[in-house]
Amino acid sequence: MEENYKLAKWLSGEMSEDELAAFEAEPDFVIYNKIKKYASELETPNFDENKTLSTILASPKKEIKTVSLAQNWFFRIAAVLVIGLGLFIGYQNFATSTEYAENGVQNSFTLPDNSEVVLNSGSKIEYKKWNWENHRALELNGEAYFKVAKGQKFEVHTSLGKVTVLGTQFNVKQRENRFDVTCYEGKVKVNYGETEVIITKGMSIAFEDGKSITIPENAIQNPEWLNNEMVFYQANLKSIIGEFERRFNVTLELKSNDNSQLFTGTIPSENIDIALQILATTYHLEPTKVSKNKIILKAVNAQK
């Protein structure tokens, strides 16, 4: 009732400056203002007072019914709310939906067709709910695991390539200039530049800087990051550090010139100290924590 009263005062221009400022700051004000604008553009027929009076005097006398001002306001408010609800529902369906996974966390959610998605740390997905059953397509920035419900074609778009599937389980990872896809069930089609490859259960494919990277078949049995592991195949130190930063929500500053060695292996991601020790041993680095979320990696033979 209080919300209806405020809306009525606003429509009639009876709000004080303070009340108006507070009302305009409310989240739904944009919708109310659009409704008011569209309503003001409606045209009504011209009213002939003399003709109407003559018609009334000539007609048989009937009991006069009175509609109170309060009742009139009630119908106006009800109409505004109904129209506003329709606009709100339409906006929710047509607007782009966004799902995030901040650094250090993962985000699990379902799409409108009950397809399951798990976003890895430092990742984002955007999609539209409207007409989803007939146009199942989304934009991925980062890494995600998908368990797709059966239905129409399902597409995952990234800045580096596209994955097209029909009812399957797969993982897509897009990080800067590297693109990885692994199929766990069914079949997926991968498009990367001018290259188109179809992979099936147990197969993985990766591209970096326009070149294909060979990954042994059945090397990845499941999305390793869902089991608190970071698995790398011919990964350079820069990309490994990026995964560390996303997984543990820290900043790693590298002070070493010898970064050309490629790494293939598994690093557990439940404990940052253990993970850092493996990384430091592999690349002959000494980790030093300078603050809660910043670590310096210095070459062991570097001068202090």
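Predicted model: local features only at pLDDT ≥ 70, side-chain atom pairs only at ≥ 80, totals over all residues.
Strands, in this report, are runs of at least two residues that DSSP assigns as E, numbered from the N terminus.

Ala-137 lies in strand β5, which covers residues 136-141. Its relative accessible area is 15%, and because buried means under 20%, Ala-137 counts as buried. Setting aside residues up to four places away in sequence, Ala-137 touches Tyr-127, Trp-132, Glu-155 and His-157. Lys-153 stands 16 residues from Ala-137 along the chain, and the C-alpha atoms of these two residues are separated by 8.3 Å.

The largest of them has 28 residues, and the members that touch the most other members are Ile-125, Leu-138, Phe-146, Phe-154 and Phe-170. Phe-170, when its neighbours within four places in sequence are left aside, is in contact with a list of residues that includes Phe-146, Phe-154, Val-163, Cys-183 and Val-188. Apart from this core lies another one, made of 20 residues, among which are Ile-267, Leu-276, Tyr-283 and Leu-285.

How are strands held side by side in a sheet? They pair through backbone hydrogen bonds, in either a parallel or an antiparallel arrangement. In this model, seven strands form an open sheet with antiparallel pairing, and their order is β2-β3-β6-β9-β10-β13-β14. The edges are taken by β2 (107-110) and β14 (211-213), and because each has a single partner strand, one side of each is left without a neighbour in the sheet. On average, neighbouring strands of this sheet are turned by 15° against each other, with direction ignored.

| Strand pair | Sense | Bridges |
|---|---|---|
| β9 (residues 169-175) and β10 (residues 178-185) | antiparallel | seven bridges |
| β16 (residues 251-255) and β19 (residues 294-299) | parallel | five bridges |
| β18 (residues 285-291) and β19 | antiparallel | six bridges |

Lys-173 has Asp-180, in β10, as its bridge partner. Strand β19 takes part in two of the tabulated pairs, one with β16 and one with β18. Within β19, Leu-297 is the bridge partner of Leu-254, while Ile-295 is the bridge partner of Lys-289. What do β18 and β19 form, and how many residues lie between them? These two strands form a hairpin, and two residues lie between them.

Terms used
Residues numbered from 1 in each chain as written. Heavy atoms only, no water. Pairing = 2+ DSSP bridges. Helix = DSSP H or I, 4+ residues; strand = E, 2+ residues; numbered from the N terminus. Axes fitted to C-alpha atoms, helices over the stretch in contact; angles between N-to-C directions. Buried < 20%, exposed > 50% of the residue type's maximum accessible area, 1.4 Å probe, protein only. Contact = heavy atoms within 4.5 Å. Core = buried A, V, L, I, M, F, W, Y, C linked by side-chain atoms within 4.5 Å.
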